[in-house]
Amino acid sequence: MKGKNRMIKYLWLSLKMQFRIPFSIFFALVFPLLMMIIMIASYGNFPIGNGYHFIDKYFLISTGIGLVPIFMISYPIWIAESIQNNSYRRLSYLGVEVKKMVVSDILSYLVLTLINVSLNIVVALIFFHLKVPSVIYLLSYFVNVLYCAVAMLVVGTLIAIMIRNTKIILPFGMICLFMIYMFCGVFINYDQLPAGIKSIGNFIPVKYLMNDFFSIWSRKRYFIPRFLELNTLIVFLTGLLLFAFHKISLRWKRI
């Protein structure tokens, strides 16, 4: 019980640290809501059939807009800074359980994901009358979003391990962010994108979160098979690369 309480305490501390980073909070929580309001105000909340409106599709995009900078910029920078500063090693000298602290820091990004999704749903529901599905489909949606976040998390870890320099990670992450936005249909309806761009988007898990998850939200299915296959493959292959980098780094330390 004591260990559980300590884990909760570490997680709370990690979340407080998250909310002290203006860049992270703005792009994760504020910017997506601004984009939602601007888009609905510009185009109107027009009907798209079967009782659904534009907001029922666009809130999926605004959710993705917030998640990409979390895992492509904020998270890799945190990993790189931790490596450069040896912060966890210093914390171990102060009696902090480093493994639990690392786990709580990682979990804090998944909690931030849940906050992002929940905020988008609440704002869309209150101001634009978002049509919320039944509990089982809503839970399915959250589970699929979290699984997509796991894939982005391992990719973000790989970016941090390979680059390590935070001054390079920031511009690199910004380039990745806008490319993902372009391939996933943030700037223009995905169906209107050129065939070549759409074919690339089909290999990006966030594309499914921003577009195909509407099938879950509209209660047509509980999961997207293509998304699960792609996401699992990315988690597996990226995990193998991370394991290989870890083994190589250990060998170099011995030498």
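Where is leucine 110 placed? The notes below start from that residue.

1. **Basis.** This is a predicted model, in which local features need pLDDT of at least 70, side-chain atom pairs count only at pLDDT 80 or more, and totals for chains, interfaces and linings use all residues. Numbering runs from 1 along each chain as its sequence is written, and side-chain values use heavy atoms, with hydrogens and water left out.

2. **Leucine 110.** Leucine 110 sits in helix H5. Helices here are DSSP runs of H or I with at least four residues, strands are runs of E with at least two, and both are numbered from the N terminus. Leucine 110 is buried, at 19% relative accessible area. Buried means under 20%, exposed over 50%, and partly exposed in between, with a 1.4 Å probe and protein chains only. Residues up to four places away in sequence aside, leucine 110 touches Phe71, Leu146, Ala149 and Leu153. Contact means heavy atoms within 4.5 Å. Phenylalanine 214 is 104 residues from leucine 110 in sequence and 21 Å away in space, C-alpha to C-alpha.

3. **Serine 104.** Helix H5 also holds serine 104. Serine 104 is buried, with a relative accessible area of 0%. Its contacts, neighbours within four places in sequence excluded, are Met7, Tyr10, Leu11 and Ser14.

4. **Surface patch.** Leucine 125 belongs to H5, which spans residues 98–128. At 40% relative accessibility, leucine 125 is partly exposed. Together with Val122, Ile126, Phe127 and Val132, Leu125 makes a nonpolar surface patch of about 460 Å². Patch residues have over 30% relative accessible area and no salt bridge; like charges are joined within 9 Å, and nonpolar side chains (Val, Leu, Ile, Met, Phe, Trp, Tyr) within 5 Å. A salt bridge is a side-chain nitrogen of Lys or Arg within 4 Å of a carboxyl oxygen of Asp or Glu.

5. **Aromatic pairs.** How many aromatic pairs does the structure hold? There are 22 aromatic pairs. Rings of Phe, Tyr and Trp (its six-membered ring) pair if their centres lie within 6.5 Å; planes under 30 degrees apart count as stacked, over 60 as edge-to-face and the rest as tilted. Tyrosine 52 and phenylalanine 214 are edge-to-face, because their centres are 5.5 Å apart and their planes are at 75°. Tyrosine 52 is buried at 7%, and phenylalanine 214 is buried at 12%.

6. **A tilted pair.** Phenylalanine 59 and tryptophan 217 pair at 4.6 Å centre to centre, with 55° between the planes, and are tilted. Phenylalanine 59 is in helix H3 (residues 54–85) and tryptophan 217 in H10, so the pair ties together parts 158 residues apart in sequence. Both residues are buried. They also belong to one aromatic cluster with Tyr141, Phe142, Tyr147, Tyr208, Phe213 and Phe227.

7. **Positive phi.** Most residues other than glycine have a negative phi. Arginine 164, which follows H6, has a positive phi near 70°. Asparagine 50 has phi near 60°; asparagine 50 lies in the loop between strand S1 (47–49) and S2 and is exposed, at 67% relative accessibility. Histidine 129 also has phi near 60°. Its place is the loop between H5 and H6, and histidine 129 is exposed at 64%.

Notes: Areas by Shrake-Rupley, 256 points an atom, 1.4 Å probe, with all protein chains shown as cover.
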